[in-house]
Amino acid sequence: MSEIDALLTENRRFPSPPAFQRVATVSDAAVATAAAADPDAYWVTMARQLEWITPFTKGLEWTAPFATWFRDGQLNVSTNCLDRHIRTARRNKAAIIFEGEPGDTRTLTYWQLYIEVCKFANVLRSLGVRKGDRVAIYLPMIPEAAVAMLACARIGAIHNVVFGGFSPESLRDRINDSQCRVLITADGGFRRGQVVPLKRNADAAMTDTPSIEHCVVVQRRAGAMSEETHAQMQDGRDAWWHRLMQKAPLQCEPAVMDAEDPLFILYTSGTTGKPKGIVHSTGGYLTGVTTTSRQVFDLKDDDVFWCTADVGWVTGHSYVVYGPLANGATCMLYEGAPDWPDKNRMWDMCERHGVTIFYTAPTAIRAFMKWGEKHPNQHDLSRLRLLGTVGEPINPEAWMWYHRVIGKERCPIVDTWWQTETGAIVISPLPGLTETKPGSATHPLPGYSVALVDTHAQPIPVGGGLLTITRPWPSMLRTIWGDPQRYVDTYFSKWPGRPDLYFAGDGAKLDDDGYWWILGRVDDVLNVAGHRIGTMEVESALVGHPSVAEAAVVGKDHELKGQAIAAFVTLREGFTATSALRDELREFVGEKIGAIAKPDDILFSADLPKTRSGKIMRRLLRDIAEGRALGDTTTLADPSVVAGLKEQYEAQES
Ligand code: WT7
């Protein structure tokens, strides 16, 4: 039985626990019915719950494939996340509970966060940052990351957060593509007891980023950085965050932003070698993340919400910063690795901080499973009331383990499907309403129109097909920074004559009960431990090495990571295939992109399997990497190439 068939015969059901249902924000299916009857009116109602400076009179305006929402309305995201709460009893409530990897902790109340944001917004203004300017943020998971993002939002600057695990070259490309004027970084961050030398990486990037005028450097821990990692400050360009903050005024008038003004750009991998700058809006994005945070995570005033994602990914933007703060919730922020100093770390933190809602990735759950129940079982997890997952399909065994060992069979699980492009959760159970099935993301949330279609865009009521979104939604991406044509081509050109149909890039199945089962990407995008990586990106990194003539990269199933990277490489004349060269190439990819993109396997080969027209047949390479019998090889120019490769791969594996 194939994995997919196994998934679809999954017949365990988990109704929403009555104790949860009694207090849940959404426990009445009428919301969904009303939203389905008139999605535009539904989103207008949701958007009205935000604080607007100028109320909007328009809802959706749609000239496919470009949408606007609430176009004539004006608002500021930071006032919605902060000022709204400091006028109420929430003023002294914890907004952020931070724990650094070394064990240092800091709690910022809404008032304190508001003051920090206003001060830093003034710092940015004093550095010449104006509305619409781009600001790059390359920080560890520390409160300053949220402060910097919200400070940009306060003055209308567009932030571009770059994950701290990305290499100097990746940082450089993202800065240059969006022409950032300021870079905010730290001297270092802690990861598995080591210092990640962020400023040193930033310096390497800044040798070739002509748009950068200033670099602000957070001192992560005074005295903790070694000689080697200690930041070298360049006069006139670099300044310490804490120095700049000393003189900053406490009041900062928020910029009046149009609903459609960009809030941020976030780069994500696509099917070409060049990451795409996904552009998100102000009003629509905030409407989407605020609504879904409240409905899916059921946020209450006494909750402690821990979304374990890094702010460098969209999950960190939408469910560490904007969604929870707009709802006045308390969020955890953790800097380091889940197994440092030992494998109790996450559960120890849940217990010590009284976490009530825990949202993480299946790859992490599979690692927890492997480490064993003894770790969570040593801790009191009785405050947990809701669990969530995101980033990749969750296998039913991992779901059941999460349910039993972490949730003690008491907590609902929300398996949330969405993407950088959707900005907010699209398919997910409503924890006070939906009966769940392990491995299924269940149903689209109220207000979304999702359809499964075949290659001719015909709807499929039951069975397998491609996931599409058939109506615009407020938090949808607005374009790709500097490349609107790529936006049209990537998302709205799959079916000629249907510029209204959003192609998500995922395959999915609908079962007899109308439950959605997400099967994964159908394009050349990999999902390695919940991180999105383009095969072409890794290929272009590899061919940048002097020894490499040609490279083909595919994903292969991996027990923990979901997918791992396998690379097939042909060498240039004069280079010999050695294990030293293999190691060098892995490191080289790490330096070019970041450690997350290092291939697990590299196979040297004299030739790659190609069609007669010269197209590399990745399908066959995936068969090889996953140890399957080779599929149809009749279209190959030279079928002997692939048989030889398979033999060689298997020899290397053993
Ligand atoms: C891709 C988007 C959205 C935040 C994290 C990833 C996969 C995401 C699920 C899920 C199955 C999922 C899809 C999607 N994905 N959530 N619950 N079940 N697959 O954001 O980096 O933009 O990646 O992640 O393949 O297209 P991203």
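This is a predicted model: local features need pLDDT of at least 70, side-chain atom pairs count only at pLDDT 80 or more; totals for chains, interfaces and linings use all residues.

Visitor: How many Å separate the centres of domain 1 and domain 2?
Guide: Domain 1 is made of 13–76, 270–301 and 340–522. Domain 2 is 529–653. Taken over C-alpha atoms, the distance between their centres is 33 Å.

Visitor: How much area do domain 1 and domain 2 bury between them?
Guide: The contact involves 15 residues of domain 1 and 11 residues of domain 2. Carbon and sulfur atoms account for 47% of the buried area. The total is about 960 Å².

Visitor: Which residues in domain 1 lose the most area to domain 2?
Guide: Three residues of domain 1 together make up 37% of what that side buries. They are Gly-273, Thr-363 and Arg-366.

Visitor: What kind of aromatic pair do Phe-166 and Trp-313 form?
Guide: The model holds 34 aromatic pairs. In this one, the ring centres of Phe-166 and Trp-313 are 5.8 Å apart, with 65° between the planes. Planes over 60 degrees apart count as edge-to-face. So the pair Phe-166 and Trp-313, at 65°, is edge-to-face.

Visitor: How many residues apart in sequence are the parts that the pair of Phe-166 and Trp-313 ties together?
Guide: Phe-166 sits in the loop between strand S7 (158–161) and helix H8 (168–178). Trp-313 sits in the loop between strand S16 (304–307) and helix H12 (314–326). The pair therefore ties together parts whose separation in sequence is 147 residues.

Visitor: Is Trp-313 buried or exposed?
Guide: Its relative accessible area is 18%. The cut-off for buried is under 20%. Phe-166, at 8%, is buried. Trp-313 is likewise buried.

Visitor: Which residue lies over the face of Phe-166?
Guide: The distance from the ring centre of Phe-166 is 4.3 Å. Elsewhere, Lys-343 lies over the face of Trp-371, at 5.5 Å from the ring centre. For Phe-166, the residue is Arg-174.

Definitions and conventions
Residues are numbered from 1 along each chain as its sequence is written. Side-chain values use heavy atoms; hydrogens and water are left out. Rings of Phe, Tyr and Trp (its six-membered ring) pair if their centres lie within 6.5 Å; planes under 30 degrees apart count as stacked, over 60 as edge-to-face and the rest as tilted. Helices (H or I, at least four residues) and strands (E, at least two) are DSSP runs, numbered from the N terminus. Buried means under 20% relative accessible area, exposed over 50%, partly exposed in between (1.4 Å probe, protein chains only). A charge sits over a ring if NZ of Lys or CZ of Arg is within 6 Å of the ring centre and within 35 degrees of the ring normal. Domain bounds come from an automatic or database domain assignment. Contact means heavy atoms within 4.5 Å. Buried area is the accessible area (1.4 Å probe) that two parts lose on being put together, summed over both.
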